[in-house]
Amino acid sequence: MLKIGESGWIEKEIPACGPLDAICKPLAVAICTSDIHTLWEGAIGERHNMILGHECCAEVTEVGSLVKDFKPGDRVLVPAITPDWNSLEAQSGYSMHSGGMLGGWKFSNFKDGVFSEYFHVNDADGNLAKLPSNINVVDACMLSDMVPTGFHGVELADVQFGDSVLVIGIGPVGLMSVAGAALRGASRIIAVGTRPKCVEAAKNYGASDFISYKNGTIEDQVLALTDGKGVDKVIVAGGGVETFDSAIKSLKPGGKIGNVNYLGSGDYVNIPRVEWGVGMGHKQINGGLMPGGRLRMEKLGALVSSGRLEVAPLSSHIFEGWDHLEEALFLMRDKPADLIKPVVKLAD
Ligand code: NAD
Ligand code: ZN
């Protein structure tokens, strides 16, 4: 990112490795919708000559003197969010906000990201995880952000056995929310989305009903499908600030909303007063940045390596070599109908 609206290649020094850090080189990288919000919408403000990217798997090339569990040559899963694990925020259970709100989101936000021959990882023992040998490098990229974020939506909505769940937006994050809700035992999953490729993937991940936000309001369609009762839980993984209006209106009293969507514009989120029970409807709204951390990455990696979760359907466009990175980035911006996720392979 040269500046808002302009991408290009730049030369930088290989980052220095502190005592707790690691330097890594990517084996494969994936483009995130957040890279598009950052670069073309200026959603986090201006950045000059910042390396984009926060989804990859990598090989460790150097570790600091105090790193205990990783060494050069290790192949690793790299989470998008890399907190400082000794911070007070991490001790309070919100590691993703270490050092301040969203402070665990360092790559392509406060520091250079992973679309680079070498990149820096803080707190290597806390943040990296070994890449299981039966997960290929393309699938491994889905563990940086898509799986942890989609699944966090499920956690934030607190999906329980038998719940009816509405998933708004079935891009790659929403697809992982569908998969996570199914793993958590949802009885019915209503997905909002129409692109045939995403609908097919959502069906395979466990969605039972589909509605289009282009065919009238989401809430009208959800209420029609549920005898006017609404759903137990809503996961928001797409749309804008207006989505909360639909989410609240689609939810039963006592229901919960889990938002993982990055609200790129607008000053306020609208909460409809009456459908929010005039302030007394027990309809909770939880919004969160994905948790990172080695333990979580190991657990999510185990879901993929055991075959319980299949992530291959997410990688719709696979390129080889850095020369194709810009093409992959532009593809994510332009979102052709058959795109779910572009990945660039750099090694096997
Ligand atoms: P995506 O753009 O591929 O998917 C969003 C989907 O929502 C699209 O298919 C789009 O057609 C659909 N959509 C748009 N408007 C809608 C509406 N009004 N109602 C319903 N659906 C609508 O994005 P993605 O890669 O799946 O990511 C989803 C969001 O999650 C993005 O905003 C991304 O930046 C964010 N994100 C958050 C985190 C986190 O930690 N919380 C991490 C990664 C990504
Ligand atoms: Zn992302």
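1. Helix 8 (residues 218-225) and helix 9 (residues 243-250) have axes that come within 8 Å and cross at roughly 20°. Axes here are lines fitted to C-alpha atoms, for helices over the stretch in contact, with angles from 0 to 180 degrees between N-to-C directions. The two helices are therefore roughly parallel to each other (angles under 35 degrees count as roughly parallel, over 145 as roughly antiparallel, 65 to 115 as roughly perpendicular and the rest as oblique). The crossing of helix 8 and helix 9 is right-handed (the near helix is turned clockwise from the far one by less than a right angle). Ile218, Glu219, Val222 and Leu223 in helix 8 meet Asp245, Ser246, Lys249 and Ser250 in helix 9; contact means heavy atoms within 4.5 Å.

2. This is a predicted model, in which local features need pLDDT of at least 70 and side-chain atom pairs count only at pLDDT 80 or more, while totals for chains, interfaces and linings use all residues. Residues are numbered from 1 along each chain as its sequence is written, and side-chain values use heavy atoms, with hydrogens and water left out.

3. Helix 5 and helix 6 pack with axes 7 Å apart at an angle of about 55°, which makes helix 5 oblique to helix 6. This crossing is right-handed. From helix 5, Met146, Val147 and Phe151 are among the residues that meet helix 6, where the partners include Pro172, Val173 and Met176. Helices are DSSP runs of H or I with at least four residues, and strands are runs of E with at least two, numbered from the N terminus.

4. The largest nonpolar core has 51 residues, of which Met142, Val147, Ile170, Met176, Leu309 and Leu314 touch the most other members. Such a core is a set of buried Ala, Val, Leu, Ile, Met, Phe, Trp, Tyr and Cys residues joined through side-chain atoms within 4.5 Å. Domain 1 (22-145 + 290-345) and domain 2 (150-287) each supply at least three residues to this core; the domain bounds come from an automatic or database assignment. Apart from this core lies another, of 32 residues, including Val60, Val78, Leu329 and Leu331.

5. Leu102, in the loop between helix 2 (88-91) and strand 4 (119-121), has a positive phi near 65°. Leu102 is partly exposed, at 35% relative accessibility (buried is under 20% relative accessible area, exposed over 50%, partly exposed in between, with a 1.4 Å probe and protein chains only). Asp123 has a phi of about 45° and lies in the loop between strand 4 and helix 3 (124-127). Asp123 is buried, with a relative accessible area of 19%.

Technical notes:
Chains lettered and ligands numbered in written order.
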